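Q: I'm new to this one, and I'd like to learn how to read it feature by feature. Could you walk me through it?

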Amino acid sequence: MATAVQKITLSSSRDIPFNKLVLSQANVRRVKAGVSIEDLAASIARRGLIQSLHVRPVLDVDGQETAMFEVPAGGRRYRALELLVKQKRLAKTAPVPCVVSRADSDILIDELSLAENIERAPLHPLDQFRAFQAMREKGMTEEAIAAAFFVPVQVVKQRLRLASVSPTLLDVYADDGMTLEQLMAFTVTDDHARQEQVWENVRNSWSKEPYQIKRMLTETTVRASDKRAVFVGLDVYEAAGGCVLRDLFQDDDGGWLQDPALLDRLVSEKLKAAAEEVAGEGWKWIEVAVNFPYGHDHGLRELAGVTVDMTDEERATREALRDEYDRLESKYAEADELPDEIDQRLGEFEQALDAFEQRPVLYDPADIAIGGAFVSIDGEGSLVVDRGYVRPEDELPVEPKSGEAPAADDSAGDPVVPTAQRAVITIGGQPTETEEDEDDGVKPLPERLVIELTAHRTLALRDAVAQNPHVAMTMLLHKLVSETFLHNSTPGCLHANVRHVFFPAQADDLKDSLSAKNVTERQEAWKQDIPADDDALWNWLTTLDDASRMALLAHCVSYGVNALYERPNPYSGNGVSEHGLNVRLAQADRLARATGLDMVEVGWRPTFGNYLNRVSKARILEAVREGAGERAAQLIDHLKKGDMAKEAERLLADTGWLPEPLRLIDLDGGQAVETPADADTGADAALPDFLTEDGGEETSLEDEDDELAAVAAE
C-alpha cells in the first residue's frame, strides 16, 4: 500500500497590536539599502501594509509565551510603522497583519530572516517601465506617478520613453539580447521601423555601442545647436510641422531636427524676408547665403558711411545696464559657479550692451543706389547684414577734371545720376557632395583639398607674421636683398609689393577660424586710424612711434604671404613652375618655424567636412592610427567610409593630429615632420610625398579637375 504524502501546514496569520511587536535581534538586515524608511512609511500611509510581518512569540526564562512577538522578517516594514506611530499617524495599538510561526519550531529564527531577504526576486526593469506605462494609460499623470513612487518627474518620463520603444526590441531586451544603455539609445526616435532597421544592422556587429546606435538613428537630422536651427528657432520649426528628437538620458544640446528640408526652407524664407527689408533701404543688389566664404568682398569698393551717435536716452540706458552688470559681477566675483538665474541675467546684459555698440551707419543716397549688401547668418545663429559695397561694373563714370575734354560717349556732359530700381536679391548656396571612395589604397590627397588646407596655413602664417614684426622685417629684407644683390627673381612665399593673395579654393570653416578673425580685427583696427588721402597718410606715418610702425609694417607684409599649393603651370601667365612651388613651400615652412606657428594652437581640427570625408578610407585609418593609436583604428576599420569619417572626427578630437600639408616639411623632401629651426630650407627642396606619390600621380578627383584646371596663383 502506498505511503501517504505528509501535508504541509502553513503558519497561521492574525492581527497583532503594534505595541506587542519588537524587532528581533536576529534580523539579518543590518546595512541600509533600497527605499528609505521615510519613503516606505509614506508608501504604507498611501497604500496600507501590502506584505504582512513574520513574527514569532517571545518566551520568558521558563519557556512560556509572554504575549510579545519578535519580528525576524519584515524589519524595515516594522521601522516604517514605528515611524508612523512616532508621527502620530498610526495608533500604538493599531492591529498589524502578521504571520505567526511556532515558538518551538525547528527552523532557526536567523534562517527565516535570511530566507525572506535572499529569496526575493527583483523586478525586471522592463516590468517597471510597462507598469508606469499602464498607470499612465489609465489616467495617472506623470507628476502623480512620480509623487506616488517618490522619484523625480524626469525619471518617470525616462521610464515611459523606454516603454515606448519598439515591442520587438523590448522583447530582445527582456531576453538579455541588448543592454539597458543600448535600449536607451533607441529612445531618440519614435520610429519603430527605423529602430528595428538599425538594430538589424548592428546586432551581429561586434561594435554596437550606444553612441553608434544614436548616431545611426540621427544621421539624417540636424542638431538643434546648428546655426540654421538657432536662426529659425525651434518654436517656429515645430509650428511648421517639424519634429524634434530628444535624448532624455544625456545632454543632447537641444536635440535633433528630423526634417532638414523643412529647416532649409524656413531658413531661406527668413533670410529672404530680411533681404526684402534691407532692399527697402534702396540698395541696388542684395546677396543672400547661409555662409559667405572668406574674402567674398574681394574686388568690391567699401562705402564710407557715417555712424549714428547714441542719443542721451540711449547713453543713460547703457550706463544703467553697465552699472547693474558691474554690481552683479562684483557681488559674485568670489563664487565658484554662478547661479543659473544670475548667469542668465549677465548674458542678457551682455547682449543688450553689445547691441548699443552695434550702431547703425548712414550712407549717401547716391551710393546706396549703386551699392549692395550681404545678408547671412553668423556662427551663433544671428542675422548678419553687411551693407555698403559697390561692384566694379556699377561704378559711376569719373567726371573729367577742369580743362579736360569729356569722353567721346559723353556727348551731353550731364552728370550721371543713378537710376532708382528694385534691388536684385541673389540667394545662393554652395552644397558639396563628396564622392564615396571605398578604395583601400593610400592615394595622394585630392588637389582641391591640398589647396584648401594650404589656404588655412597661409592665413595662419599671415596672422603669425603680423604678430612678429621682427620676423616680418627679416622676411622683407630677405626678399629685397635677394632681388637687389643676388638677382634672384624666383618668386618665393612673399610678394614684396604686398599684393594681397586670395584663395582660389577654401573650406567653409576658413572664415570662422581664429586666424581669419585675428586678421580681420587687426585690419579693422588699423583702418579706423589710417587717413584716406595720400599726403595725409605720409604725414601720419612720419608721426608714428617705432613700435607702431613695426606693427603696421608686419600687418601689411603679412598680406603678401603665400603658402598655397597649386598645380605647377609655368606656361600660364600667372602660373608657377615646379621649382617655384618648391621654393614657396620651403620658405613657408621656414617662416612657420620662425614665427612658431602651430596649426593646432590656432584652432585647426580634422573634421568630417574639412578633411576626413575627402580622403580614402586608408588615409582615414592612417590618420586615426597616428593620432589616436592602433586600437582606435581597429575600432572603425570595418565601417563604411561615411561612418568611418564621422567616428574618426570624434576619435581625433583633441589629439593634435595634422595632415601632411599643415605639418612642417622634412628637409629631405619626404614625409611632413618637424625639423630643427636652424636647418637649411634651400630653394631646391623637393615637394613632399603627399604631393608626388607614385611619381607625381594626379591627385585631384575627377569632379574637381575641370574646376581647378585653369586656377593660377595670385
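Q: Is Lys-88 buried or exposed?
A: One thing first: this is a predicted model. To call a residue exposed, you look for a relative accessible area over 50%. Lys-88 is at 74%, so it counts as exposed.

Q: Where is Lys-88 found?
A: Look in the loop between α2 (75–86) and β5 (95–100).

Q: What about phi of Lys-88?
A: Phi of Lys-88 is near 65°, which is a positive value in a residue other than glycine. Ala-67 is another case: it is not a glycine, yet its phi is positive, about 75°.

Q: Where is Ala-67 found, in a loop or in a strand?
A: In a strand: Ala-67 belongs to β4 (residues 65–73). As for its cover, Ala-67 has 47% relative accessibility, so it counts as partly exposed.

Q: What is the order of the strands in the open sheet of five?
A: Here's the general idea: strands of a sheet pair through backbone hydrogen bonds, and they can do so parallel or antiparallel. In this structure, the five strands follow the order β1-β5-β3-β4-β2, and the pairing is mixed.

Q: Which strands stand at the edges of that sheet?
A: β1 (12–17) and β2 do. Each has a single partner strand, so one side of each is left without a neighbour in the sheet. Going from one strand to the next, the twist averages 50°.

Q: How many bridges join β2 to β4?
A: Three, and the two strands run parallel. If you want a pair to find by eye, take Val-22, whose bridge partner in β4 is Glu-70.

Q: Which strands does α2 touch where it packs on the sheet?
A: α2 touches β2, β3 (53–59), β4 and β5, and its direction makes about 120° with that of β2. Helix α3 (residues 109–118) packs on the sheet too, touching β3 and β4. The direction of α3 makes about 40° with that of β4.

Q: What is the order of the open sheet of three strands?
A: That one reads β6-β8-β7, with antiparallel pairing. The edges are β6 (222–223) and β7 (244–245). Each of them has a single partner strand, so one side of each has no neighbour in the sheet.

Q: How many bridges join β7 to β8?
A: Two bridges join β7 to strand β8 (residues 256–257), and the strands run antiparallel. To see them facing each other, find Val-244, which stands opposite Leu-257 in β8.

Q: Now for the side chains. How many salt bridges does a search of the whole structure find?
A: It finds 34. To spot one yourself, look for a side-chain nitrogen of Lys or Arg within 4 Å of a carboxyl oxygen of Asp or Glu. Asp-643 and Arg-215 are one example, at 3.1 Å from N to O.

Q: Why does the pair of Asp-643 and Arg-215 tie together parts that are apart in sequence?
A: Asp-643 lies in helix α25 (residues 641–652) and Arg-215 in helix α10 (residues 210–217), so the pair ties together parts that are 428 residues apart in sequence. Arg-215 is at 13% relative accessibility, so it counts as buried.

Q: What does Glu-287 meet in a salt bridge?
A: Arg-391, with 3.3 Å from N to O. This pair also links distant parts of the chain: Glu-287 is in strand β9 (residues 285–288), while Arg-391 is in the loop between β14 (383–390) and β15 (424–427), 104 residues apart. Glu-287 is partly exposed at 26% relative accessible area, and Arg-391 counts as partly exposed at 23%.

Q: And which residue forms a salt bridge with Glu-395?
A: Arg-301, with the closest N and O atoms 2.8 Å apart. Glu-395 sits in the loop between β14 and β15, and Arg-301 in strand β10 (residues 301–302), so you're looking at distant parts of the chain, 94 residues apart. Glu-395 is partly exposed, with a relative accessible area of 33%, and Arg-301 counts as partly exposed at 36%.

Q: Which residues make the nonpolar surface patch of about 260 Å²?
A: Val-28, Leu-114 and Ile-118 make it. Val-28 is found in the loop between β2 (21–23) and α1 (37–47). At 34% relative accessibility, Val-28 counts as partly exposed.

How values were computed
Residues are numbered from 1 along each chain as its sequence is written. This is a predicted model: local features need pLDDT of at least 70, side-chain atom pairs count only at pLDDT 80 or more; totals for chains, interfaces and linings use all residues. Side-chain values use heavy atoms; hydrogens and water are left out. Patches are made of residues with over 30% relative accessible area and no salt bridge: like charges are joined within 9 Å, nonpolar side chains (Val, Leu, Ile, Met, Phe, Trp, Tyr) within 5 Å. Accessible areas come from the Shrake-Rupley method with a 1.4 Å probe; for residues, only the protein chains shown count as cover. Helices (H or I, at least four residues) and strands (E, at least two) are DSSP runs, numbered from the N terminus. Buried means under 20% relative accessible area, exposed over 50%, partly exposed in between (1.4 Å probe, protein chains only). Two strands pair if DSSP finds at least two bridges between them. Axes are lines fitted to C-alpha atoms, for helices over the stretch in contact, and angles run from 0 to 180 degrees between N-to-C directions. Contact means heavy atoms within 4.5 Å.
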